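Here are my notes on the model, point by point. Please read them with the structure open.

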Amino acid sequence: MDNYGWLSILPPIIAIVLALRTKQVYIALLFGIWFSWIIINDWNFLTGTLSAIEGMVNVFKSEGNTRTIMFSALVGALLLFIQYSKGVEGFINQLNKVIAYFEKKQTGYSRVIVQLLALLTGILLFVETSISSLTVGTLYRPVFDKLKIPREKLAYIADSSSAPSSILIPFNAWGAFIMGLLVTQGLENPFGLMLSSIAYNFYPILAIAIVVIVIVSKKDIGPMAKAEKRTRETGKLLNDNSKPMLSSEVTSLAPKEGIKAKAYNMIIPLATMVFMMPINLVYTGWGNVTDAVSTSDHIFKAIGQGSGSSSVLYAVLTAILVAMVLYRSQKIMKTKEMIDLVLKGISELMPLALLMLLAFAIGDACNELGTGKFVAEWSKDWLSPEFLPAIIFVISSFIAFSTGTSWGTFAIMMAIAIPMAEVHQAPITLVIAATLGGGIFGDHCSPISDTSIISSMSSASDHIDHVNTQLPYALIGGIATIILYLILGFAL
């Protein structure tokens, strides 16, 4: 069967419902993968089951997938390094001085300042979403715990500051990928179009604005309000039945005794990882540029041609090596001790690597079923120009929600949305913005999103609790965005 029709959307929907109802993300994803391949193999349970196994193996045929999974595991080594070297403790000591300063001015004000600092950190690390959410969760988790701010709130801030900032400040792999998609559609001045679309990309702007409003007003809604009440009244950072994404060995590893806590033992490795991201983008894309007119033009175009997955992997490896040299020079750790920590860190984050593997596998299965293409093609015939931006946003959201990937959504929808905009003579920048914003919104709402998974992991939060507490805020931003696109659709 080449066209699976409505059957193509059943596996991701079932996986998402199972994940939300049972809180067993691994089982939900496995079932979604298995059910996908059962459909593909004409309901033959034997060949479908074997194909599902091979589908998970084939995830590693993609170099990008393999690098991302390796990055997810190696992050554990970096987390243990900065914890064991007292780098985190040193940073917290400095942050406590800031907290004490604001606490003197007004009681309770430090909670607001720390949350705003976490948000600002996530925005400034726009070079890569994984690095952004990872760094925010790692840096601020101990401080949030001390101030009795629920882990769900930290995961929300980490998640809602990563992808939105990366799409609004597109001087990164995201911008390169989007420009590449625009080029394939034969558009002139893709960079200018991408920049022009930012003003209409309402959801990422609203997502960040909502975080600011929630923090400053100290008003929460839905499950997040319950989480805040629980932590405030009982001191519990998590629900009683929650299962933190991160192993307790990573979050509570005792720092080495007899050494001084220094903030730079954490800042230098993390800063190295962030700094190396654009450097690696230039390096991996340099040889692909053939039409540069100057060195600066070559660098800019190289960033656009660089490999995001390679850059992230090289960045975390460089950070680990820099940390090793830094700690060895201070005689904090011996070589054998560092190797043991690397292996321990990798082993503790294997559950995350497995989750990433399953997320990629269900994405591949959805591609095989043609889930995204079916939704997009189904909507072609009944769209009108006035409703086009709003409907494009909704369809992009649904695809991203079902597949858990923004980039996959961009790739599917750009090829459909842009020709539709040209046929209906709709504003091209508005349609591009709706496509991009829909991908971010759907990704924010999806329990199988890799960015959300990393946010839960770095914050040591229960993943389903993170999805549930973030969802009301995401829905507010999404509904407001749809209304804005409807208004502009009729006005322009």
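1. Lys 331 sits in the loop between helix 16 (308–329) and helix 17. Helices here are DSSP runs of H or I of at least four residues, and strands are runs of E of at least two, both numbered from the N terminus. The phi of Lys 331 is positive, about 60°, although the residue is not a glycine. Lys 331 counts as exposed because its relative accessibility is 72%. The cut-offs are under 20% relative accessible area for buried, over 50% for exposed, and partly exposed in between, with a 1.4 Å probe and protein chains only.

2. A note on the basis. This is a predicted model, in which local features need pLDDT of at least 70 and side-chain atom pairs count only at pLDDT 80 or more, while totals for chains, interfaces and linings use all residues. Residues are numbered from 1 along each chain as its sequence is written, and side-chain values use heavy atoms, with hydrogens and water left out.

3. Ala 460 also deserves a look. Its phi is near 55°, a positive value in a residue other than glycine. Ala 460 lies in the loop between helix 23 (450–459) and helix 24. Is Ala 460 buried or exposed? Ala 460 is buried, because its relative accessibility is 1%.

4. Now the overall fold. The chain has 24 helices and zero strands. Of its 492 residues, 58% count as buried. Take contacts (heavy atoms within 4.5 Å). Among those between residues at least 6 apart in sequence, 79% join residues at least 24 apart. The chain exposes about 20,100 Å², and carbon and sulfur atoms supply 65% of that area. Areas come from the Shrake-Rupley method with a 1.4 Å probe; for residues, only the protein chains shown count as cover.

5. Glu 348 is in helix 17 (residues 335–348). Glu 348 counts as buried because its relative accessible area is 18%.

6. Met 457 belongs to helix 23. With 2% relative accessibility, Met 457 is buried. Which distance separates the C-alpha atoms of Met 457 and Thr 138? The two are 319 residues apart along the chain, and the separation is 9.2 Å.

7. Next, the cavities. A cavity is a set of points on a 1 Å grid over the protein atoms alone where a 1.4 Å probe fits but cannot get out; lining residues have an atom within 4 Å of a point. Points are joined across faces, edges and corners, and volume is the space filled by probe spheres set on them. The structure holds three cavities of 30 Å³ or more.

8. What lines the second largest cavity? The lining is Tyr 156, Ser 160, Tyr 203, Ala 207, Ile 210, His 444, Gln 470, Tyr 473 and Ala 474. Helix 8, helix 11 (202–217) and helix 24 (463–491) each supply at least two of the lining residues. The lining has six nonpolar, three polar and no charged residues. Here Ala, Val, Leu, Ile, Met, Phe, Trp, Tyr, Cys and Pro count as nonpolar, Asp, Glu, Lys and Arg as charged, and the others, Gly among them, as polar.

9. Gln 470, in helix 24, is one of these lining residues. Gln 470 is buried, with a relative accessible area of 1%. Its side chain makes a polar contact with the side chain of Ser 160, at 3.2 Å. A polar contact is a pair of N or O atoms within 3.5 Å; within protein, one must be able to donate a hydrogen and the other to accept it, and residues adjacent in sequence count only if both atoms are side-chain atoms. Beyond four places in sequence, Gln 470 touches Tyr 156, Asp 159, Ser 160, His 444 and Ser 452.

10. Ser 165 is in helix 8 (residues 151–168). Ser 165 is buried at 1% relative accessible area. Its side chain reaches the backbone oxygen of Ser 161 at 2.7 Å. Leaving aside neighbours within four places in sequence, Ser 165 contacts Gly 122, Ile 123, Phe 126 and Ile 208.

Methods: On a 1 Å grid over the protein atoms alone, a cavity is a set of points where a 1.4 Å probe fits but cannot get out, and a pocket is an open set with protein on both sides within 12 Å along at least five of seven lines; lining residues have an atom within 4 Å of a point.
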